[in-house]
Amino acid sequence: MKLGIMQPYFLPYIGYFQLLNAVDKYVIYDNIQFTKKGWINRNRILQNGKDTLITIPVEKDSDYLNIFQRSVSSGFDKKKLLNQIKESYRKAPYFNETMPLIEEIVNYSNNNLFNYIYHSIVKICGYLGIDTEFIVSSTISIDHSLKGQDKVIAICKVLNATEYYNAIGGKELYSASDFQEESIKLKFVSSNRVEYKQFANEFVPWLSILDVMMFNSTEEINIMLNEYELTN
């Protein structure tokens with residue numbers, strides 16, 4: 001069984017979905033620390049030909065709380081964000097297909113940060129036809145005080161994974177021999193450059209999956225989901 005593990009990100013780039021699509025089961029961390037200025041609650045979209053940051057504001061709280069202990073800000077102006085997206089993409093070829101889904105995601109009423117972002121990932125997977133099984137990390141019976149590679153291996157063992165897939169950016173964090181000792185093959189997903197027409201602009205790479213969906217059909221995106229290299 002092929003397993004992937006990742007923290008949740010709001011409307012992440014296509015590489016996130018390539019990893020998700022490559023595995024049989026996908027564990028999403030809810031019980032790890034929320035990091036400020038990371039990509040959990042923000043991403044980049046195309047606006048006036050340039051990349052622009054969009055953010056889900058989070059209620060002020062302790063910096064040591066886990067993701068599932070954080071809340072979306074009560075002051076989050078969902079209408080403002082949706083208007084920003086509409087103005088940026090209203091002339092995109094797949095705006096009419098994509099925008100209703102984005103509205104459903106942004107207007108989701110659950111203010112728990114993990115639930116809010118998890119819902120968005122599940123909805124996008126449904127739109128793209130990705131049927132990988134999701135597992136929330138806190139529901140897995142392991143020692144949750146474990147960190148890094150030790151926690152990943154523990155999860156793999158409990159779920160009977162024979163292969164663990166990780167994004168290529170984390171290659172320095174893991175030891176293939178340590179996984180091999182547990183009869184688990186360690187593999188890394190390295191995204192090829194995915195390029196498509198963004199209006200008449202010079203292409204801006206690695207934006208949110210939102211950008212990919214606005215400019216490409218689901219059939220085209222499904223081809224892109226397989227445009228990666230798998231390495232040891």
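The buried residues of α5 are covered by elements that include β1, β2, β6 and α6 (176-181). Contact here means heavy atoms within 4.5 Å. Helices (H or I, at least four residues) and strands (E, at least two) are DSSP runs, numbered from the N terminus. In α5, Q149, K151, V152, I153, A154, I155 and C156 are buried. Buried means under 20% relative accessible area, exposed over 50%, and partly exposed in between (1.4 Å probe, protein chains only). N160 follows α5 and has a positive phi, near 60°.

The model is predicted: local features need pLDDT of at least 70 and side-chain atom pairs count only at pLDDT 80 or more, while totals for chains, interfaces and linings use all residues. Residues are numbered from 1 along each chain as its sequence is written, and side-chain values use heavy atoms, with hydrogens and water left out.

Aromatic pairs were searched for over the whole structure, and 17 were found. Rings of Phe, Tyr and Trp (its six-membered ring) pair if their centres lie within 6.5 Å; planes under 30 degrees apart count as stacked, over 60 as edge-to-face and the rest as tilted. Y26 and F134 form an edge-to-face pair, with 6.3 Å centre to centre and 90° between the planes. This pair links distant parts of the chain. Y26 lies in strand β2 (residues 25-28) and F134 in strand β5 (residues 133-136), 108 residues apart. Y26 and F134 are buried. A further pair joins F76 and Y116: the ring centres are 6.4 Å apart and the planes stand at 80°, so the pair is edge-to-face. F76 lies in the loop between β4 (50-55) and α2 (78-89) and Y116 in helix α4 (residues 113-128), so parts that are 40 residues apart in sequence are tied together. F76 and Y116 are both buried.

Y26 and F134 also belong to one aromatic cluster with Y9, Y16, F17, F114 and Y118. The ring of W39 has the charged end of R42 over it, 5.3 Å from the ring centre. A charge sits over a ring if NZ of Lys or CZ of Arg is within 6 Å of the ring centre and within 35 degrees of the ring normal.

On a 1 Å grid over the protein atoms alone, a cavity is a set of points where a 1.4 Å probe fits but cannot get out, and a pocket is an open set with protein on both sides within 12 Å along at least five of seven lines; lining residues have an atom within 4 Å of a point. Grid points are joined across faces, edges and corners, and a volume is the space filled by probe spheres set on the points.

The largest pocket holds about 900 Å³ of space. Its lining has 37 residues, of which I5, M6, Q7, Y9 and N166 are the closest to the centre. Two or more lining residues come from each of β1 (2-6), α1 (14-22), β3 (42-47), α5 (148-158), β6 (163-167) and β7 (185-191). The largest share, 4 residues, is given by α5. By class, the lining of the largest pocket has 19 nonpolar, 15 polar and 3 charged residues. Ala, Val, Leu, Ile, Met, Phe, Trp, Tyr, Cys and Pro count as nonpolar, Asp, Glu, Lys and Arg as charged, and the others, Gly among them, as polar.

The volume of the second largest pocket is about 210 Å³. Among its lining residues are F34, K36, R42, E59, D61 and R70. This lining divides into 2 nonpolar, 2 polar and 8 charged residues.

The search of the whole structure gives 1 cavity of 30 Å³ or more. The largest cavity has a volume of about 50 Å³. Its lining includes I14, V194, Y196, F203, W206 and V212. Of the residues in that lining, 9 are nonpolar, 1 is polar and none is charged.

W206 has a phi near 60°, a positive value in a residue other than glycine. W206 is placed in the loop between β7 and α7 (209-215). At 34% relative accessibility, W206 counts as partly exposed. For N48, phi is near 55°, also a positive value in a residue other than glycine. N48 sits in the loop between β3 and β4. N48 is exposed, at a relative accessible area of 75%.

T98 lies in helix α3 (residues 95-106). T98 is buried, with a relative accessible area of 0%. Neighbours within four places in sequence aside, T98 is in contact with Y127, L210, M213 and M214.
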